[in-house]
Every structure is written in C-alpha cells, then in structure tokens.
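Hello,

Here is the structure I promised to pass on. Please open it first, then read the notes below.

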Amino acid sequence: MQLVSTTRDSLLKPLQFVSGIVERRHTLPILANLLIRKNKDSISFISTDIDIQITTIADFGVGDDEFSTTVGARKLLDILRAMPEGPISLTMKDNRMVVQSGKSRFSLQTLSSGEFPIMLENNQNVRTFEISQKEFKQLISQVHFAMAQQDIRYYLNGMLIVLEGDKLIAVATDGHRLAYGQIILKNPPVGESNKIEVIVPRKTILECQHLLEDIDAPLNISISPTQIKFEFSTIELLSKLVEGKFPDYQRVIPKGHKNSFVVPREIFQSALQRAAILTTDKFKGIRCSLKENLLTIQSTNAEQEEAQEEIETSYDGDHLDIGFNVTYLLDVLSNVKNESVQINLGDSNSSALITIPDNENFKYVVMPMRI
C-alpha cells in the first residue's frame, strides 16, 4: 500500500520539523520512531519524548484509505538527506516501509502505531492568546541563555512565562544571573485578568527557537495548568510544564543603583572577548574598575599573564572595583542587539543590573564574583 508520493524536499521539510526532539539514547524503542498517520491525502508526522510532542501535517498522501505506523526517525531522515532531489515514495509492504527514489530502494522496520505514546491534551482551564512568531522568538531569545542546564533545582531548568493583563513576561535564571524580558500583547485574552505563571522546560524553549521564524505570521499559545501548546503554520508543539515554584524575580532585580553608565555594546563586547583570552577555563573572572569617565577591564591567569582594556565613558559615580564571570557578560551582549547598554552598579558586593537605555522591557542581573 502506497502512503506517500512527493518530492524529496517536500518530504524532508516536515520530517526535519518533528525530528529535533527524538532522543538518540532512549529507554523505549518506540521513542526513536515517528508516528505517521495517513487520512486520505492528509499525512501527519508526530514525534515525542514523553514530555514534548510535535505534530506537522502535509497533503501528499496517496489514496482514500486511513493507515498509521511508526518508523525510525533518524534512519528515515538520513536516507532522505542522502537521496538526490527528485520524486520519492513511501510504501508499506509486509510490515516494512519501503522508501524508493529512482534506482534507490530502502526497506525499514516498523513498529505498531498502537505502541506510540500519544500525549493527551489537557483542555481544562485553558487560556489562549495570539502573538506573532517574530515577537515571541525575540522575547525568548533575549532571556534563554540564562536558563540552567542540569541544575538539581529542576525548576531553574526552564523559562518562567507570565501572562498578566496585556503583558507577556519571560524570565530565566541559573542562580548566578537572571534575564527578564517583556512585551505588550496586541491581542491579550479577553475578559481574563488573573495572572498566570508557568515554567516551560528548557528543551521546549530551544525547540521553539529552532522552529519559529522571524515573520509576522500568527502563533497561538494555549496554557493549561499542566501543559503549554504552540500552534503555527503547519506545526503543533505540545509540552508538559515544569512543576515547582520559580524564584521571585522581582526581588532579585535591584532597584535604585546610584552608579550607572552607558557603553557602546560592540566596543564593550570586543574588549571583554580580548580580556577573556587570558582567563583560565575554570576561573572566568575579570575585574572591572570604574573611575571618572574611564572603565578598565583586567584579567590574569595562573601563569601571571595579564590583559588590560580601557574604555572611555561618561561616568561620575563612585570609584569601584568589581569582579564578574566574563561568560555571563558576553552572553547578554551577544543576545541583545542594541547599539548601547546601560550598566547599573551599587558597590563591589552588589549584583549589577544591565539594561537597554530608555527601554523598560529588558533587564539582566549578574552577581559579582571575588577576584
């Protein structure tokens, strides 16, 4: 029975959308597979890792019958990538999937679609709103780098999404630094005023960054007490939420720092990159010294080698010496694209606040380190 008849590139596109979450190492063999569902000419491709599920739909099915099966995601993807451009077909024969293009023919093992663990949607207490793909992608790109990776405090291994009135807020922290971004929704949920706070897993956020495009096309986001769903173009991404209490980000963001200065982002970034060359892999510390109209950046290493950079800036606050992990500073400078950044400091033991001049929608807090 023939399932699909199309071109290589047409088939490759939806498979690439869904294959990103398929784990190379897995406890259940079925998790290495894609679920392929055919309903007349409509073909659905579904992948899951138990916590996230991605579905995409295409219209190159053959015949009027309904059928479903599962096949190894990586093998199918690797075969298609290696094929030349041209017509391609997927056919079922004796419980095997035959991939054929020109004189190339591959026969792949399948597993029953009944074994595939479909995630059921939670349709209770759902809040839905619309935003453009571009806006949401920019929001999470501003803060994603501050998410923890494998922290024992599992609630830090994700991003806090807050929906409050017409505000959509994203916050990430790993305990050493915190990034905060917000946007005003053009189409906030109507008649709903109560605040929603959910923690979206790190892997889901990274997958959104990968799949979303910098376009004004709509993205529909639905949030329930246990799940979040993203729907855009032909893709649906359904994800479990992280249970736990996220730190109170409003208490972490310092207010009223008396020492502040504005510095060109690219000049500051380049100076830090040069100074970072002479830091050690383990100890990424650099010292920032501030005095009237001058910022000095210094680094040393175990071989007693030294680097020093000077940046002229209009500053008339206290004389300050403060240390930072240079990676935390470079992360924020490579993710905000503005010409200048504003650095707000208290004393050498207080967290620094990095903002964008005349913009309340982004804040980055980084703890100092002893040098």
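**Helix H1**

Helix H1 covers residues 8–19, twelve residues in total, and at 1.5 Å a residue it should span 16 Å; its end C-alpha atoms are 16 Å apart, so the two agree. The expected span is 1.5 Å times one less than the number of residues. Helices (H or I, at least four residues) and strands (E, at least two) are DSSP runs, numbered from the N terminus.

Before going on, two notes on the source. This is a predicted model, in which local features need pLDDT of at least 70 and side-chain atom pairs count only at pLDDT 80 or more, while totals for chains, interfaces and linings use all residues. Residues are numbered from 1 along each chain as its sequence is written, and side-chain values use heavy atoms, with hydrogens and water left out.

Which residues of H1 are buried? They are Arg8, Leu11, Leu12, Pro14, Leu15, Phe17, Val18 and Ser19. Buried means under 20% relative accessible area, exposed means over 50%, and partly exposed is in between (1.4 Å probe, protein chains only).

**The chain overall**

The chain holds seven helices and 24 strands. Its C-alpha atoms fill a box of roughly 80 × 55 × 35 Å, taken along the principal axes. Of its 371 residues, 51% count as buried. The chain exposes about 18,700 Å², and carbon and sulfur atoms supply 45% of that. These areas come from the Shrake-Rupley method with a 1.4 Å probe; for residues, only the protein chains shown count as cover. Take the contacts (heavy atoms within 4.5 Å) between residues at least 6 apart in sequence: 68% join residues at least 24 apart.

Two strands pair if DSSP finds at least two bridges between them.

Strand E12 (residues 177–184) pairs with strand E24 (residues 359–366) in the antiparallel sense, over five bridges. Tyr180 stands opposite Lys363 in E24.

**The E19–E20 hairpin**

Strand E19 (residues 294–300) and strand E20 pair in the antiparallel sense over seven bridges. They form a hairpin with five residues between them. Ile297 stands opposite Glu309 in E20.

In a regular strand the side chains alternate between the two faces of the sheet. Strand E20 (residues 306–312) has a covered face of Ala307, Glu309 and Ile311. Its uncovered face has Glu306, Gln308, Glu310 and Glu312.

**Two positive phi angles**

Gln304 lies in the loop between E19 and E20. Its phi is positive, about 65°, although it is not a glycine. Gln304 is exposed, with a relative accessible area of 67%.

Asp94 sits in the loop between strand E6 (87–93) and strand E7 (96–101). Asp94 is not a glycine either, yet has a positive phi of about 55°. At 69% relative accessibility, Asp94 counts as exposed.

Best wishes
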